[in-house]
Amino acid sequence: MLDAEPGHDAKTQEPRLWCDDGWTARVIKNQDDDGWAVEMILDGEDEPALVGPWTMGRDKKNPKPLDSAAFYTLVKTATEVLRRHEQQLHAMLHKSLKVRTASGRLTIKLDIVPDDDNPYALLSACDEGGEQLAQVEVATSFKLNPDSATAWIANDFSKPGR
């Protein structure tokens, strides 16, 4: 967790450190070369949401100082990075497809529950009205695709693998 630095208020505007609106931008020495980098850390987080190159100042030795425009551009970019990570995680944990059957179109969903001790997944089927017809627990490794969904439906929604 990023601790408040001694002598800094919640809002800090220094050449290499800005804290505002729940974000901290810190200009740091680039470990890979002679240049500089900037890291954006969301309050309460241990790891930066964004690390990127930072512009050299006029003397070609020191970094360009942070300013308001740069800070808010970095906040916008870091927020977008976090949003994309959340979307990617959601897509990995929640899959859905539609299957046509003699009785109508069904929505088959696979929702993975990433529990640290006992991860599992729920396979469910809903009719066109959204009413749940079946739900079974499956392994997190279950692959939801049209063939596996059709087989599950044909097997009267019995737990796959039985």
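1. Asp20 is buried, with a relative accessible area of 12%. Its salt-bridge partner is Lys11, and the closest N and O atoms of the two are 3.9 Å apart. Lys11 is exposed, at 51% relative accessible area. The model is a predicted one, and a search of the whole structure finds 4 salt bridges.

2. Glu39 and Arg26 form another salt bridge, at 3.4 Å from N to O. Glu39 belongs to strand E4 (residues 36-42) and Arg26 to strand E3 (residues 23-29), so this pair ties together parts that are 13 residues apart in sequence. Glu39 is buried, with a relative accessible area of 13%. Arg26 also counts as buried, at 19%, because the cut-off for buried is under 20%.

3. In helix H1 (residues 68-93), Glu80 and Arg84 are 4 residues apart, about one turn of the helix. A salt bridge joins them, with the closest N and O atoms 3.2 Å apart. Glu80 is partly exposed at 26% relative accessibility, whereas Arg84 is exposed at 53%. Salt bridges link Glu80, Arg83 and Arg84 in a network.

4. The structure has 3 aromatic pairs. One of them, Phe71 with Tyr72, is edge-to-face, with 5.1 Å between the centres and 85° between the planes. Phe71 is buried, at 0% relative accessible area, while Tyr72 is partly exposed, at 34%. Ring pairs join Trp18, Phe71 and Tyr72 into a cluster.

5. A charge over a ring is found at Trp36: Lys29 lies over the face of this residue, 5.0 Å from the ring centre.

Key
Residues are numbered from 1 along each chain as its sequence is written. This is a predicted model: local features need pLDDT of at least 70, side-chain atom pairs count only at pLDDT 80 or more; totals for chains, interfaces and linings use all residues. Side-chain values use heavy atoms; hydrogens and water are left out. Rings of Phe, Tyr and Trp (its six-membered ring) pair if their centres lie within 6.5 Å; planes under 30 degrees apart count as stacked, over 60 as edge-to-face and the rest as tilted. Buried means under 20% relative accessible area, exposed over 50%, partly exposed in between (1.4 Å probe, protein chains only). A charge sits over a ring if NZ of Lys or CZ of Arg is within 6 Å of the ring centre and within 35 degrees of the ring normal. A salt bridge is a side-chain nitrogen of Lys or Arg within 4 Å of a carboxyl oxygen of Asp or Glu. Helices (H or I, at least four residues) and strands (E, at least two) are DSSP runs, numbered from the N terminus.
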